[in-house]
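Colleague: I am new to this entry and would like to learn how to read it. Please go through it with me feature by feature.

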Amino acid sequence: MISFDHFKTMKLVLDGKDLEEALQYSPTPGLPGLVSQLRDIQSREHNLDSVIHGTANNPLYDLSVTVGSQDALTKAFEMLLQHDCDQVFLENPTYSGALAFLQPYGVKLTPINTDNRGLDPDHLHALLASSATTQGRRVLYTIPTAQNPSGVTLDNERRRAIYQLACEHDLIILEDDPYYFLSPERQSLVSFLELDAMNCQSEGQSVTTRGLGEVDSNLGKGGRVLRFDSFSKIFSAGMRIGFVTAPIPSWNELISIFKGQISTTVEFLKPWRDWIVEAAEKHLRPEGSVPLASWTTPNAGMFLWLQLHNIPDTKSLIEEKAAAANVLFVPGQAFDPLNRPSSYVRAAYSTASRDDMNVAMKRLADLIQGCKTN
C-alpha cells in the first residue's frame, strides 16, 4: 500500500488492484483507469461527450498521458513541423520553454501582437493574409488562459474569431492550457478544443456552446486543434503528468512518435556500441598478442562491462591511474553489493565520440601493460 497526505486536507491511498496496475507496464496512452478518468474530465470540461473515445460510438478525438504537457507539445512540434518553409504563429510575448525548442528548430516564427484581451485576431488575420501563398504547414501556438508570461486570458469573442480564421486559412491550433484548471472563470470559457469538436459534428445537428450561440459555417472544418493540459500546476511541478487531446488521426501519429522514439534511440545507440567494441578489440585483444581483457558484447543499453585479466582489483588502477590519464571508467567494486574488490571495469559509451573511445581503450591497454611490468 502507498499513501500520502495532500496539503493535509485529504489522504490518498493506492493499494490492491490499483497498486498492482500502477506498478506494471501500461499501454502507450497511459494507465487505462487514468486515461478513462481523463476522458471523462475532457468530456465535462469541453463538451466532448459525443466525440471522444470511450463515450462516442464513432470517436473523433482521444487523449494520451505524457511526461508533463511540454513532452507532448515538443512531440507535436516534431510531428507537424518538418521543413524550413513551415511557419509557427505565436503570441508576443510567449512561453520561453516553447521558444527554447522552436528557435533552434529552423522553422519560421511569426509573432502576433497581444493586448489586455490577449492575442489580437486582427493582426493574426493580416499575417495570415500576407503569407497566404507561403508553401508549408502553418501552425498557431497559443496559451489562451492566464497566458505565460502576461497572465492575460483570451475572451470567448476572440477565441471564436481566431478559430474562424483557422478554418478559413487551414491553420492548425496548438492549445497549450496548463493554467486552465486554475481559472475561476473556466466554466464560462470556451476552449479551442470545444469549438473544434462542434465543427466535427455531422451537418444538420444543432450544437450550442456556452455564450456563443449556434455553430456557424465551419461544419466539417474541425479536426485542427490539439490541446495540452497539465497536472503540474495543480498538484506538484515535480509530478510531471500532462495529457494531450487530439483528433484521432493526429493522436495516432503522436502515439506512433512515442513508440518510434524508443526504436529511434535504440538505432541511435547501436553505432556507439559497435565503436566501443571495435576499440576494445583493437587495443585489448590485439591480433597476435595475449588478450588483456574479456567481455560480452551488449545487445542494449550504453555500457561495456570489461574483465581485466590478471588484475583482481581495478579500483586504484581506474580511480587513480586512469583518472590521471584523463580516462573515465568505473571500477567494478562500485557495483558489488558487498563492496568487494573486482577485476571488472564499466565503460559508458553513449556520449563519447569514436575517436575518444579509441584513445580511451589505448590508454587503458597501456595502463594494464604497465601493471604487468611492475
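Colleague: Which elements each supply at least two residues of the lining of the second largest pocket?

Modeller: First the general idea: on a 1 Å grid over the protein atoms alone, a pocket is an open set of points with protein on both sides within 12 Å along at least five of seven lines, and lining residues have an atom within 4 Å of a point. Helices (H or I, at least four residues) and strands (E, at least two) are DSSP runs, numbered from the N terminus. In this predicted model, β17 and α10 (354-373) each supply at least two residues of that lining. The largest share, six residues, comes from α10.

Colleague: How many residues line the second largest pocket, and which lie nearest its centre?

Modeller: The lining has 19 residues, and V327, L328, A348, A352 and A360 are those nearest the centre. The space in this pocket is about 360 Å³, where a volume is the space filled by probe spheres set on the points, and grid points are joined across faces, edges and corners.

Colleague: What should I know about the numbering and the limits of the model?

Modeller: Residues are numbered from 1 along each chain as its sequence is written. Because this is a predicted model, local features need pLDDT of at least 70 and side-chain atom pairs count only at pLDDT 80 or more, while totals for chains, interfaces and linings use all residues; side-chain values use heavy atoms, with hydrogens and water left out.

Colleague: Which way do the side chains of strand β17 point?

Modeller: Buried means under 20% relative accessible area, exposed over 50%, and partly exposed in between (1.4 Å probe, protein chains only). Along β17 (residues 344-348) the side chains alternate.

Colleague: In what order do the strands of the open sheet lie?

Modeller: Strands of a sheet pair through backbone hydrogen bonds, either parallel or antiparallel. Two strands count as paired if DSSP finds at least two bridges between them. Here four strands form an open sheet in the order β14-β15-β17-β16, with antiparallel pairing. β14 (293-295) and β16 are the edge strands, each pairing on one side only. Five bridges link β15 (residues 303-308) to β17, and Y344 is the bridge partner of Q307. Two bridges join β16 (residues 330-331) to β17, where V330 has R346 as its bridge partner.

Colleague: Which residues of helix α5 are buried?

Modeller: In α5 (residues 121-130) they are P121, L124, L127 and L128. Seen down the helix axis, these buried residues fall within an arc of 120°, so they line one face of α5; the arc is that of the directions from the helix axis to the C-beta atoms. On the other side, D122 and S130 are exposed.

Colleague: Is R273 buried or exposed?

Modeller: R273 counts as buried because its relative accessibility is 15%. R273 sits in helix α8 (residues 248-284). Contact means heavy atoms within 4.5 Å. Leaving aside neighbours within four places in sequence, R273 is in contact with T297, P298, N299 and Y349. A polar atom of the R273 side chain lies 2.6 Å from the backbone oxygen of P298.

How values were computed
On a 1 Å grid over the protein atoms alone, a cavity is a set of points where a 1.4 Å probe fits but cannot get out, and a pocket is an open set with protein on both sides within 12 Å along at least five of seven lines; lining residues have an atom within 4 Å of a point. A polar contact is a pair of N or O atoms within 3.5 Å; within protein, one must be able to donate a hydrogen and the other to accept it, and residues adjacent in sequence count only if both atoms are side-chain atoms.
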